[in-house]
Amino acid sequence: MLSPDFVILTAVAYVGLLFVIAYFSDAQTRRGKAGFLRSPLVYTLSISVYCTSWTFYGAVGTAARDGLEFMAVYMGPTLVFVGWWFLLRKLVWVCHSQGITSIADLLSSRFGKSSSLAVLVTLIAMVTITPYIALQLKAIATSIQTVSSARGHGDRLAGLDDVSLALGAAVGMALFSIFFGTRNVDVREQHLGVVAAIAFEAAVKLLALIAVGLFVVFGMSGGFGDVYARAVEAGFDIHEREPFGSRWIAILILSSSAILCLPRQFHITVIENSNEEHLRTAGWAFPAYLLLMSTFTLPIAYYGLATMPAGSNPDMFVLTLPMAAGQDGLALFAFIGGFSSATSMIIIASIALSIMVSNHIVLPLALSRGDKLVETGEKGIARLLLRSRRISIAVILLMGFLYFWLTGESDALAPIGLISFAGVAQFLPALLAALYWRQAHVYGALSGILIGTATWAWTLFLPSFTSSSLTIASLVAHGPWGLTALRPEALFGMEGLDPLVHSVFWSLFFNVTALIFVSLLAKQNIMERVQSGVFVDIFRADQGAQTRVIRGSATTDEIFFVAERVLGWHRAQTLFEAANIPRGDHALDVAVSSEFIARLERELASSIGAASAHVLLTKVGADDRISLEEVMQIAGETQQAIEYSHELEEKSHKLRLTAQQLQEANARLHELHRQKDDFLSQVSHEVRTPMTSIRSISQILLRERDLDPDRRSRFIQTIHQESARLTRLLDGILDMSALEHGEGTWDIRPIDGETVLARAFIVCEALARQHAIAVEHHPQVPDAQILGDPDRLCQVFINIIANAIAHNDAKAPVVQVLSRVEGGKYVVDIADNGKGISAEYHSNIFDKFMRVQPSDAGAAVPSGLGLGLNISYTIIQKMNGRLELVDGPLEGACFRITLPLSEDEPA
Amino acid sequence: MSAPRPVPARTEVRRRWQDAGFVIPAFAALLLTPPFLNLFAVRRLLFGIPLEVAYLFTIWTALVLCAVVLSRRLPRQIDPEPVDSPPIDKSAEPDKS
């Protein structure tokens, strides 16, 4: 058994070791040899400040009571870190580029550098984290009592009770945090000494837990299976008693948000990060650390349940199991592991909170107290901050201690880990909106966080005091003033839910709802619009930063004065020299670029927070409305450039379209040109044939005077025929040209189509008789009133019927004419039983000079001009009708003429 | 009009890994929550260990291994996404003949 003296002195010695580690790390850093301290390994280990004594001791207790629930506490962070590329990377980039110092600073900076938001977040963080610190103090006190409880006589330190032990721990941690956490107001608030100590503690707690686990699983039992078998033998249920449900999901959500929103996690993951690339390693190494931390939790829990006497505290199994086996050394190691996890949490949490308190509460108060700046001297603001930070750390730890002292005897501390998680989870909606939603408004964030926290306080924080206060117990049971709808654990009658699930649901529901709806209703001011753009589009290339000269009212000396108060003369001087900004009397008219002011503001912000830095510069008139409007102008110009490039894109698109249309038109022109050429060559060819025969015959007539009269008259006959054909041809061409150009006289009037058809019929009868062809005119329509030129229509009918007669070479040639009225149209089909028109001509049968060549080579070349169908087609088109080639009733070709009926009576 | 510009193979691969960086944790979240998780809470033992415990630790280990691969494959330096400029379409130029 370990004596209390020995245990307490070991703890003190261990804290001494932490001091030494932190001191030498700081010394190394100052000598510029911080290479190892800035490694991804140290970074990853320091993140495991997530594993507090609540997880070191409490996970085993949770596992013994509730089975696998403890795993959800590790699963959430695992998921967040595996997905580091999406959330953590952006978070770290934003915070580095903006010189963010805490989660309060992040939200305030994004939402228009709002001071009130920063104050609200700081206060909520204080309220939620203080009990958590108390929990660590309690764990330290209890573990010291446990590990040394057996014997106490003769030891001088044995007389110390819980309270004195906790006070001692609080004082020790306050000293450490003040020594190493507030040495200076550093750029980006990095404390490598502290981080080194935390990383060391992380390694210690992991090794301690693994040592106990290995001892339990392989030293005292025969492996994992054996542990479970023993637990079953002892009558314990090793399976999940109920299926995983809403509580599992709620804890998963809470732990995912805690790894981002807990002030200490935010500080260690984001602020103390020296290189964004370290996330790459932490992305897998931190989940692996958590995996190792929890591998032995269940076996330790079940082994303890099976072997320890009934009623033992499962929260202390990690200590009591080695002690029961007489392994004092291992028990001491386990105690140091638990001590490490408690102290690391206390140190980082108090530093993170003190930064928030000093930057967002103390400094704004000091600044609002008028022009005390002058009296503060060089680095005056920095000194003020350090002093307030030291006091805040002391106050925070004192509050934690008081909380422990007042509630220590009750079990109010036990569930505080998850209660605290649920409290800081209220920052999550605003945090995500800050990074991903441009429109999110400061009022939305304020109201969301306020209403969410109020709901959390009512439904979860307040009921945690049920066991220590009768008033609260009755409030929880009956609601305020007997209003059952407002009972903290059954809000609006939502009963039967686990209190944690109930609270998480309602608080986040109200939080998100308020954030979204208020943001949609409110209008962002200029500053907020600028900041939202910077945050949401952090990975966009050009942020539109252009050098501009501002006409702010501040002189360079005034600006330097402010910079010196925060950064110290040396750094301020370096900054001004780097930007080539002269000072002194000769620099009165020198204007400072807003780019420099922005950089200076970021530098200041990395020490005192965005809101305070902004207030400070506004106070001296360096960063007033004028410069803001210019920022907007820059933003406007960027916007214009974007719009202009859009316009260009559109124009070039239009140009491309026009070019394409031109190309198409060109192609059409080419086609028309080719058609004209074809037409001309066809016409010349057509004209040439009769001309040739006329010329040769007239030559014969001229040369041979003694021709017999018979031949002479035959020759003259031929000349006559050919010249007649020539005339017909020219008439046809003229006719066609007139038609095409819409010339010629048209006698359009209501006529009876059937009468015209009958007229054409008579004309064709002679031709039919000549060819011995039967022309049948089938169903006669009583009257078919159409609008048209009767002579031209007759010409079309004659043309087509004559074609059908002339080209029909069937044995028993037949031509059928079918006329009918159909759907408001007068339709005439003219069909024959000839060979028909082969498919290759179907598409261009109505073209000029198109003559169907006979398929057998021996047949005579058709005598037609090849203009008839084209002319007919054009005429019918002029009368709003259609002429087409269809599949007819006979095997030959069938032309269909369709003309619209008219209302008017034929004249 | 014109076919979309071919994406360079390197960018394509990079985008795939970036997508994987989101899909892997999202899919893991699905595997780690009910109702899927309850498929394994069936009061059975696997090598003497409760099945649900074995399952959770298997998924967790797999997730860590995926994270190792991801951290090797995700792009190193963060350069901004290339801005898509309108493609120049040669075929649309007016015919000179």
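I count a residue as buried if 20 or more other C-beta atoms lie within 10 Å of its own. The model I am reading is predicted.

**Entry 1: chain A overall**

I started with burial. Of the 907 residues in chain A, buried ones make up 45%. I then looked up the secondary structure: chain A holds 34 helices and 7 strands. Next came the contacts. I took those in chain A with a separation of 6 or more, and 82% of them join residues 24 or more positions apart.

**Entry 2: the sheet in chain A**

In what order do the strands of the open sheet in chain A run? I read β2-β4-β5-β7-β6, which makes 5 strands with mixed pairing. From one strand to the next, the twist averages 15 degrees.

Helix α32 of chain A, residues 753-771, does. I found α32(A) touching β2, β4 (814-822), β5 and β7 of chain A. The direction of α32(A) makes about 170 degrees with that of β2(A).

**Entry 3: one strand pair**

I picked β5 and β7 of chain A. Are they parallel or antiparallel? Strand β5 (residues 825-832) and strand β7 (residues 894-900) of chain A pair in the antiparallel sense. I noted 7 bridges between them.

**Entry 4: where chain B meets chain A**

I turned to the contact between the chains. It takes 41 residues from chain A and 39 residues from chain B. On the chain B side, I listed the elements that give two or more residues: α1 (9-31), β2 (49-50) and α2 (51-73) of chain B. Which of them gives the most? It is α2(B), with 12 residues. I sorted the chain B side by residue class and got 27 nonpolar, 7 polar and 5 charged.

**Entry 5: annotated spans of chain B**

I went to the UniProt record, an unreviewed entry. Its "transmembrane region" annotation covers residues 20-41 and 53-70 of chain B. I compared both spans with the model.

Residues 20-41 of chain B come out as 55% helix and 0% strand. Their end C-alpha atoms are 29 Å apart.

Residues 53-70 of chain B are 100% helix and 0% strand. Here I found the end C-alpha atoms 26 Å apart.

Technical notes. Residues are numbered from 1 along each chain as its sequence is written. Chains are lettered from A and ligands numbered from 1 in the order in which they are written. This is a predicted model: local features need pLDDT of at least 70, side-chain atom pairs count only at pLDDT 80 or more; totals for chains, interfaces and linings use all residues. Two residues are in contact if their C-beta atoms, placed from the backbone, lie within 7 Å. Helices (H or I, at least four residues) and strands (E, at least two) are DSSP runs, numbered from the N terminus. Ala, Val, Leu, Ile, Met, Phe, Trp, Tyr, Cys and Pro count as nonpolar, Asp, Glu, Lys and Arg as charged, and the others, Gly among them, as polar. A residue is buried if 20 or more other C-beta atoms lie within 10 Å of its own, exposed if 12 or fewer, and partly exposed in between; C-beta atoms are placed from the backbone. Two strands pair if DSSP finds at least two bridges between them. Axes are lines fitted to C-alpha atoms, for helices over the stretch in contact, and angles run from 0 to 180 degrees between N-to-C directions. UniProt positions are given in the numbering used here, feature names are shortened, and annotations may be inferred rather than shown by experiment.
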